[in-house]
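This report describes one protein chain, from its overall make-up down to single side chains. The sequence and the coordinates come before the details.

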Amino acid sequence: MRPLRNPVIQMVLSHLLAVWMQFCFRTLRWTHEHRALAEAVWAQGGGALCAFWHGRLALAPACWPLDRAQPVKGMISLSADGEFLARALALQGIPAVRGSSANPDKGDKARAAATKGGRKALRDGLRPLKVAALAVTPDGPRGPAGVMAEGLPLLARLSGAPVLFIGLSCSPAIRLGSWDRAVLPLPFGRGAIVWDRADFPEGADVSDVIPDWTARLNAVEARADALTGLRDRPG
């Protein structure tokens, strides 16, 4: 049995991860850029989509102040690893919508959207967007890293909610050997959050916005890394 499939181990590790994340967030020296874009979305209330690449998921709670922003849920995959992350985020006030934004199959988009809870996740994701925010990793849950699936722009088109692209970084950090080169925070370092905002263009197709939105999400992440000095590999 894989350890993360054991409910007791899941519970213990998720509690430890949540405590560690909060400790790190409190001790990091944070720099924010273009936060006024997010403040305007928080002030107006209503639905909002927040997007960051899957590798920065462990930093995500730091970017959403629950005391003044909309309530937020996170779209987390149905895998055992996803259950572990869902528990850790829920302990920090971010409940999960379980499902996937995996890229649709070229031969049958409807069938692909139904896999791994995709159809249910889309429906459940639209529901909170009437009054709250939904956090999405558009290259999750299995990558390729930095390749945006159709889930985020589709949610934006159907809901009409604004999209906040969020670059998250910290240094020093642990870089995992996973497909997404996941970043885990370490305490007493530097952190950065960089914002950008977009609305789904009227009359556009989902495929039309993916290149632009990918570039914008890459840009805020690269800027956040520049602010902290985080590098992908040592050397």
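Helices here are DSSP runs of H or I with at least four residues, and they are numbered from the N terminus. The model is predicted.

## Chain overview

The chain contains seven helices and seven strands. Read from the N terminus, the order of elements is α-β-α-β-β-α-β-α-α-β-α-β-β-α.

Of the 235 residues, 49% count as buried. Among contacts between residues at least 6 apart in sequence, 77% join residues at least 24 apart.

Helix 1 covers residues 7-27, which is 21 residues. From its first C-alpha to its last it reaches 30 Å, close to the 30 Å expected at 1.5 Å a residue. The buried residues of helix 1 are Gln10, Ser14, Leu17, Ala18, Met21, Cys24, Phe25 and Thr27.

Val8, Ile9, Met11, Val12, Leu13 and Leu16 make a nonpolar surface patch of about 500 Å². Ile9, one of the patch residues, is located in helix 1. Is Ile9 buried, partly exposed or exposed? Its relative accessible area is 33%, so Ile9 is partly exposed; the class runs between the 20% limit for buried and the 50% limit for exposed.

Arg56 sits in the loop between strand 2 (48-51) and strand 3 (72-76). Its relative accessibility is 3%, and Arg56 therefore counts as buried, the limit being under 20%.

Which residues does Arg56 contact, leaving aside its neighbours within four places in sequence? They are Leu168, Ser169, Arg175, Val183, Glu221, Asp225 and Leu230. With Leu168 there is an approach to the backbone: the side chain of Arg56 reaches the backbone oxygen of Leu168 at 2.5 Å. With Glu221 the approach is between side chains, which are joined by a polar contact of 3.4 Å.

## Salt bridges

How many salt bridges does the structure hold? There are seven. One of them joins the side chains of Arg56 and Glu221, at 3.4 Å from N to O. This pair links distant parts of the chain, with Arg56 in the loop between strand 2 and strand 3 and Glu221 in helix 7, 165 residues apart. Glu221 has a relative accessibility of 17% and so counts as buried.

Arg56 also forms a salt bridge with Asp225, where the closest N and O atoms are 2.9 Å apart. Because Arg56 lies in the loop between strand 2 and strand 3 and Asp225 lies in helix 7, the pair ties together parts that are 169 residues apart in sequence. Asp225 counts as buried because its relative accessibility is 15%.

## A pair within helix 7

A salt bridge is also formed by Asp212 and Arg216, with the closest N and O atoms 3.6 Å apart; the cut-off for such a pair is 4 Å. Both residues lie in helix 7, four residues apart, or about one turn of the helix. Asp212 has a relative accessible area of 40% and is therefore partly exposed. Arg216, at 24%, is partly exposed as well.

Salt bridges with shared partners join Arg56, Glu221 and Asp225 into one network.

## Ala224 in helix 7

Ala224 belongs to helix 7 (residues 206-228). Its relative accessibility is 0%, so Ala224 counts as buried.

Not counting residues up to four places away in sequence, Ala224 touches Gly167, Leu168, Ser169, Ala192 and Val194. What separates Ala224 from Ser169 in sequence and in space? The two are 55 residues apart in sequence, and their C-alpha atoms are 5.4 Å apart. Leu168 and Ser169, which are among the residues touched by Ala224, are also among the contacts of Arg56.

Notes: Residues numbered from 1 in each chain as written. Predicted model: local features only at pLDDT ≥ 70, side-chain atom pairs only at ≥ 80, totals over all residues. Heavy atoms only, no water. Helix = DSSP H or I, 4+ residues; strand = E, 2+ residues; numbered from the N terminus. Buried < 20%, exposed > 50% of the residue type's maximum accessible area, 1.4 Å probe, protein only. Polar contact = N/O pair within 3.5 Å; in protein donor to acceptor, adjacent residues only side chain to side chain. Contact = heavy atoms within 4.5 Å. Expected span 1.5 Å × (residues − 1). Patch = residues over 30% accessible without salt bridge, like charges linked within 9 Å, V, L, I, M, F, W, Y side chains within 5 Å. Areas by Shrake-Rupley, 256 points an atom, 1.4 Å probe, with all protein chains shown as cover.
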